[in-house]
Protein chains: 2
Amino acid sequence: MTRTTRHPILNEIKTRFSNRALTEKEVPQEAYEAMVEAASFAPSSFNEQPWRFYIARGERKEKLLQTLTPMNQEWAIRADALVLTVSKQTFTMNGKPNPWHLSDAGCATGFFMLEAERRGLTAHPMAGFDQKAAREAMGVHEEFALVHVMAVGYPGDFDKLSERNQARNHPAPRKPIEEIML
Amino acid sequence: MTRTTRHPILNEIKTRFSNRALTEKEVPQEAYEAMVEAASFAPSSFNEQPWRFYIARGERKEKLLQTLTPMNQEWAIRADALVLTVSKQTFTMNGKPNPWHLSDAGCATGFFMLEAERRGLTAHPMAGFDQKAAREAMGVHEEFALVHVMAVGYPGDFDKLSERNQARNHPAPRKPIEEIML
């Protein structure tokens with residue numbers, strides 16, 4: 001299942017993929033703190049740190065799960081947590097729009113995912129959810145934009161995936177380096 | 001200079017910071033390909049892979065350098081390359097706006113930076129540059145948004161930094177985990 005790379009690269013980047021096969025095993029609270037701490041070390045414009053992470057477990061997870069598309073609910077139900085990432089749209093220092101808040105928050109979520117990978121966890125980001133419903137479910141203030149929802153848990157239980165999800169549960173292909181390196 | 005972390009986290013995340021102290025030593029071409037390859041494995045909405053990386057060295061670097069703020073030029077002049085990251089604003093499959101292009105490109109730049117760190121390189125992202133001038137200098141098509149410019153090189157030559165840049169050349173503080181984990 002692991003990608004073949006042309007060059008040696010960081011192991012966690014190489015082995016990470018958006019795995020749908022999760023198993024219902026509890027993730028220690030310490031792991032969430034570590035993933036958020038890893039995310040916090042992302043660089044950001046004027047060190048704004050626009051990112052915030054809603055770690056929805058138990059009842060909050062059930063509420064957030066309802067906002068996902070049915071296709072995502074199908075497998076994300078076995079996540080230990082659903083993590084809603086949001087991003088502050090303005091600079092705190094002057095209240096002006098922050099044009100980099102989304103790219104900075106995206107970098108932080110990347111660090112979150114790699115720390116998950118290092119710990120043998122999967123953090124699978126999803127864009128397929130109802131933004132308005134998710135905002136209401138988690139009580140997100142309007143000054144924050146919703147980035148995505150990550151399903152976090154231990155990999156496993158491939159057999160519990162639907163046939164459709166089994167067929168697509170592998171690292172997706174990438175454009176050749178030449179197309180993106182200019 | 002290394003951060004103290006509350007939890008064990010991925011070493012490259014822990015040691016990375018936006019270093020201004022670079023030394024004029026050539027970076028092998030293979031390293032750029034590897035950093036771009038690492039970036040390419042970031043997840044993206046509908047696997048659009050909106051990111052593109054302009055690796056500006058030699059004359060192209062000189063052109064891009066001129067678009068940076070004077071404060072950034074002061075130290076970024078010793079970078080081996082300036083890397084302009086851009087991001088496609090629409091989905092290729094249907095031409096519609098892609099609301100996730102910036103967060104996805106941000107994740108890819110995070111992977112780029114961590115692969116740089118693994119290779120003993122610094123990749124320091126800057127928001128301080130003239131967007132219009134940088135777009136013209138690199139000939140970036142209007143369908144791409146400019147994300148940021150990274151100064152890439154080997155760390156070193158702290159003594160060549162101005163007093164002002166020496167004083168601020170350390171990992172910046174972060175909000176406590178409790179403030180960003182909700």
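Me: Where in chain A is Asn47(A) found?

Reply: First, a word on what you are looking at: this is a predicted model, where local features need pLDDT of at least 70, side-chain atom pairs count only at pLDDT 80 or more, and totals for chains, interfaces and linings use all residues. Residues are numbered from 1 along each chain as its sequence is written, while chains are lettered from A and ligands numbered from 1 in the order in which they are written. Helices (DSSP H or I, at least four residues) and strands (E, at least two) are numbered from the N terminus. On that numbering, Asn47(A) sits in the loop between helix 2 and strand 2 of chain A.

Me: What is the phi of Asp157(B), roughly?

Reply: Look in chain B, in the loop between strand 5 (144–155) and helix 7 (163–167). Asp157(B) counts as partly exposed because it has 16 C-beta neighbours inside 10 Å. Although this residue is not a glycine, its phi is positive, at about 50°.

Me: Is Thr4(A) buried or exposed?

Reply: Thr4(A) belongs to the segment before helix 1 of chain A. Its C-alpha is separated by 26 Å from that of Ala39(A), which is 35 residues away along the chain. With 6 C-beta neighbours inside 10 Å, Thr4(A) counts as exposed.

Me: Which residues is Arg118(A) in contact with, leaving aside its neighbours within four places in sequence?

Reply: Arg118(A) lies in helix 5 of chain A, and it is buried because 21 other C-beta atoms lie within 10 Å. Thr15(A) is 103 residues away in sequence, but 9.5 Å away in space, C-alpha to C-alpha. Contact means that two C-beta atoms, placed from the backbone, lie within 7 Å. Those sequence neighbours aside, Arg118(A) is in contact with Glu12(A) and Leu10(B).

Me: How many residues of helix 5 of chain B are buried?

Reply: Helix 5 of chain B (residues 101–118) reaches 26 Å from its first C-alpha to its last, close to the 26 Å expected; that expectation is 1.5 Å times one less than the number of residues. After the helix comes Gly120(B), with a positive phi near 75°. Helix 5 of chain B is largely enclosed by the rest of the structure, because its buried residues number 18 of the 18.

Me: How do helix 2 of chain B and helix 5 of chain B lie to each other?

Reply: Axes here are lines fitted to C-alpha atoms, for helices over the stretch in contact, and angles run from 0 to 180 degrees between N-to-C directions. These two helices pack at about 140°, with their axes 7 Å apart, and among the residues that meet are Met35(B) in helix 2 of chain B and Phe112(B) in helix 5 of chain B. Angles under 35 degrees count as roughly parallel, over 145 as roughly antiparallel, 65 to 115 as roughly perpendicular and the rest as oblique. Helix 2 of chain B and helix 5 of chain B are therefore oblique.

Me: What is the handedness of the crossing of helix 5 of chain A and helix 5 of chain B?

Reply: The axes of these two helices come within 6 Å and cross at roughly 55°, and the contact includes Gly106(A) and Gly106(B). A crossing is left-handed if the near helix is turned anticlockwise from the far one by less than a right angle, and right-handed if clockwise. The crossing of helix 5 of chain A and helix 5 of chain B is right-handed.

Me: Which element gives the largest share of the side of chain A that touches chain B?

Reply: The contact takes 51 residues from chain A and 52 residues from chain B. Elements giving two or more residues to the side of chain A include helix 1 (11–15) and strand 2 (51–56). The largest share, 12 residues, comes from helix 5 of chain A.

Terms used: A residue is buried if 20 or more other C-beta atoms lie within 10 Å of its own, exposed if 12 or fewer, and partly exposed in between; C-beta atoms are placed from the backbone.
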